[in-house]
Amino acid sequence: MNTLYIVIEFIVSLAALLFVLRFLLQACGADFYNPISQAVVKATDPLCKPLRMVIPSFRNLDFAALIAAWLIWSLAVVLISLLISGTMPAAAIPSAMWMGFIRTLLVLTQFYFWAILIIVVASFVAQGAYHPALILLHQLVEPIMAPVRRILPSLGPLDLSPMVVMLVIFIVEDILRRSI
């Protein structure tokens, strides 16, 4: 049963990540013609298109993609509860929706943590290298890194903003995990 739970959680996290990425790609104004962006849009279109008829985009925010990630996690929480206990009382549905919301936010924070870590490592290993994934990660991470860079004093070639942002991410993740 534990293995099944791990497999379900992995698949749901991956699916939710695709929808969160779609939301972020549009919110950050990332390159739509990047092959990774194209793959994310193509993978998420079957669910986002019908949802967008009910939930329109607002400026550059694709709320249909974010709600799709939330719904996927909410349904997964219900499914996991059914697998563990065999029943799901109707009163537990708001709790499942809350947990789905928290899990979606955790996917978002984990994405940013790993994206920043990949960018930092890549800056040491392959300076100036062009790769579509690195370019896309830079475009997605820059909106949260730029305000921190403006606040922190310049230390020449050393950029401390990734450490500050990662510290904030750790704090937010801890708060989110405690609310589950």
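Ser-74 touches Ala-96, Met-97 and Gly-100 (contact meaning heavy atoms within 4.5 Å), residues up to four places away in sequence not being counted. The model is predicted, and local features need pLDDT of at least 70, side-chain atom pairs count only at pLDDT 80 or more, and totals for chains, interfaces and linings use all residues. Residues are numbered from 1 along each chain as its sequence is written, and side-chain values use heavy atoms, with hydrogens and water left out. Ser-74 lies in helix H3 (residues 63-85); helices are DSSP runs of H or I with at least four residues, numbered from the N terminus. With a relative accessibility of 6%, Ser-74 counts as buried (under 20% relative accessible area, 1.4 Å probe, protein chains only).

Arg-59 is located in the loop between H2 and H3. Its relative accessible area is 73%, so Arg-59 is exposed (over 50%). Most residues other than glycine have a negative phi. Phi of Arg-59, by contrast, is positive, near 55 degrees.

Helices H1 (residues 2-28) and H2 (residues 35-54) pack with their axes 9 Å apart and at an angle of about 95 degrees. Axes are lines fitted to C-alpha atoms over the stretch in contact, and angles run from 0 to 180 degrees between N-to-C directions. H1 and H2 are therefore roughly perpendicular to each other (65 to 115 degrees). On the H1 side, the contact is made by Leu-18, Phe-19, Leu-21, Arg-22 and Leu-25. H2 contributes residues including Val-40, Val-41, Leu-47 and Arg-52. The residues of this contact comprise 9 nonpolar, 2 polar and 3 charged (nonpolar being Ala, Val, Leu, Ile, Met, Phe, Trp, Tyr, Cys and Pro, charged Asp, Glu, Lys and Arg, and polar the others, Gly among them).

Notes:
Helix = DSSP H or I, 4+ residues; strand = E, 2+ residues; numbered from the N terminus. Parallel < 35°, antiparallel > 145°, perpendicular 65-115°, else oblique.
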